[in-house]
Structure formats: structure tokens, C-alpha cells
Amino acid sequence: MSRLIQLKSAREIELMRQAGALAAKARKLAGEMAVPGVTTDEIDRAVRKLIEKAGAVPAFLGYNGFPKSVCISVNEEVIHGIPSSRVIQDGDMVSIDVGVVANGFYGDCAATFPVGEVSREARQLIDVTKQSFYEALTYCKAGLRLTDLSHAIQSYAEDRGFGVVRDFVGHGIGKSLHEAPEVPNFGNPGRGPRLQAGMTLAIEPMINQGGPAVRILEDGWTVVTADGSLSAHYENTVLITDGEPEILTRCDV
């Protein structure tokens, strides 16, 4: 990851809008497919087909050796779940993370989808995780500090009794999937670099029903909660402007 924060030009922002729109479309398709009886591999194949048909490339396929196009994490899996022959069941929570490369720029987004009849606690976790992103979005304004948005996520989630993952964070994004700065989902406000117009950030709360601790399975990728509790994930690529922030991966999920 480059340590220099890359401010995007108007042309680069337009290209990122295109990549973000495709990523959001792929996330929407994946969410619609997350129903009982479908395998996570089937979702992965459909998303890859959609991305490649658009003339783009799945960002995660082969990234540091990741074997699939989409990260699909179920229930206690936090992030980086590898699609497989696993069949989605009624009552599951399915977190889907999609990245694309289009015209040399990246778009990255994620959401957790309830399958059928989920528990009240699972529904609350999904809702709080998504809303914590939107709490952060109110601090995505030029002149504020990076950890102002981090603190917004942490305080919103923890005030409702949930654990905020510390081991993995959001990131800058642009010509690379991971650029500076790192974007934690926790921390004291008023720290880190000042936000500037032209910054593009992948903001992605990862919130656990139980404690914040996680561990990685033997496959070397799949991150699960250490206590076996449920986890949810929500992410969008966000552009900092001179006014209100712009979600580059905006979609109806």
C-alpha cells in the first residue's frame, strides 16, 4: 500500500464512478441470489460473468492468491469467505463483498443479506452495521479528521452492544485496491489526516454480535468471530468533495 494519499482528478473520479456503479450492480445481483438452496459458488460464477460481460475484471480473483471472484461470508464468518459448494440455508446471514477493476480503477462494496426468516438479533446486527456506515458518512467532509468517521462507527455500534472488529479496516482506493490511508472502524476523534476533496475511501464497518476478536481459518482466508457469534459487513466506496460526500457504489442495498 502506498503511504501517499492519492487525490483524484475529475477524469479519474468519473472512471471511479463507472467502476463503482458496476460493483454496486454486482453486489445487488449477488444479494438477490442469496436465497435458500443456492450455493455460494453459484453466486460467485454469476457475479464473475456479469463483471466480465461489462468488459471489467473481478478485483479479488487472484488477489494475493484469492481463488474466487467474490468474498462470501456466512453467519459467524466476518470477511474473506471463499465461495464453495456450501448451500445457503433459511435463517442465514450472508455477507457479500464485491470488487471490480474497470478502465484501470477499482470499485469495492459489500453488504450483509438476511436469508428468509432470520432472528431478531441477526436483523438488528445487519441494520446497526449498515447504519454505522451512514453515521460515518456524516463526517466524510473536507477539513474533518479521518478518525472522526472512525469514532462515529465505533460509538454507534458499541452503544448498541455490539463488538467492532479491530484486526481489519477500510482503506483508500483508486488505481489500486488498497491505497493510503487505512480507515479504522474505531478510534478517538480528531486524529489522522484531514479529509480533502478528491480522496476516495472504502469505508467498511465489520461488526460482531459478540466481542471484537476474530481468527483466521486454516484456509488462510476466512475470518470468523473468535466467540462464534454472528458478524455483519457493510461497505461503500466514498468520494470526499468540497460539499457532501458522494457514494460511488450507491445501490438499493
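**Briefing: Asn 236 and its protein**

Asn 236 is buried, its relative accessible area being 1% (buried means under 20%, with a 1.4 Å probe and protein chains only). The model is predicted, so local features need pLDDT of at least 70 and side-chain atom pairs count only at pLDDT 80 or more, while totals for chains, interfaces and linings use all residues. Residues are numbered from 1 along each chain as its sequence is written, and side-chain values use heavy atoms, leaving out hydrogens and water.

**Surroundings of Asn 236**

- Asn 236 lies in strand β14, residues 236-239 (strands are DSSP runs of E, at least two residues, and helices are runs of H or I, at least four, numbered from the N terminus).
- The side chains of Asn 236 and Arg 27 are joined by a polar contact of 3.2 Å (a pair of N or O atoms within 3.5 Å, one able to donate a hydrogen and the other to accept it; residues adjacent in sequence count only if both atoms are side-chain atoms).
- Setting aside residues up to four places away in sequence, Asn 236 touches residues including Asp 108, Phe 133, Leu 201 and Thr 249 (contact means heavy atoms within 4.5 Å).

**Overall fold**

- The protein comprises four helices and 15 strands.
- Its radius of gyration is 17 Å, close to the 18 Å of the globule rule for 253 residues, so the protein is as compact as a globular protein of that length (taken over C-alpha atoms; the rule is 2.2 Å times the number of residues to the power 0.38).
- Of the 253 residues in the protein, 54% are buried.

Conventions: Buried means under 20% relative accessible area, exposed over 50%, partly exposed in between (1.4 Å probe, protein chains only).
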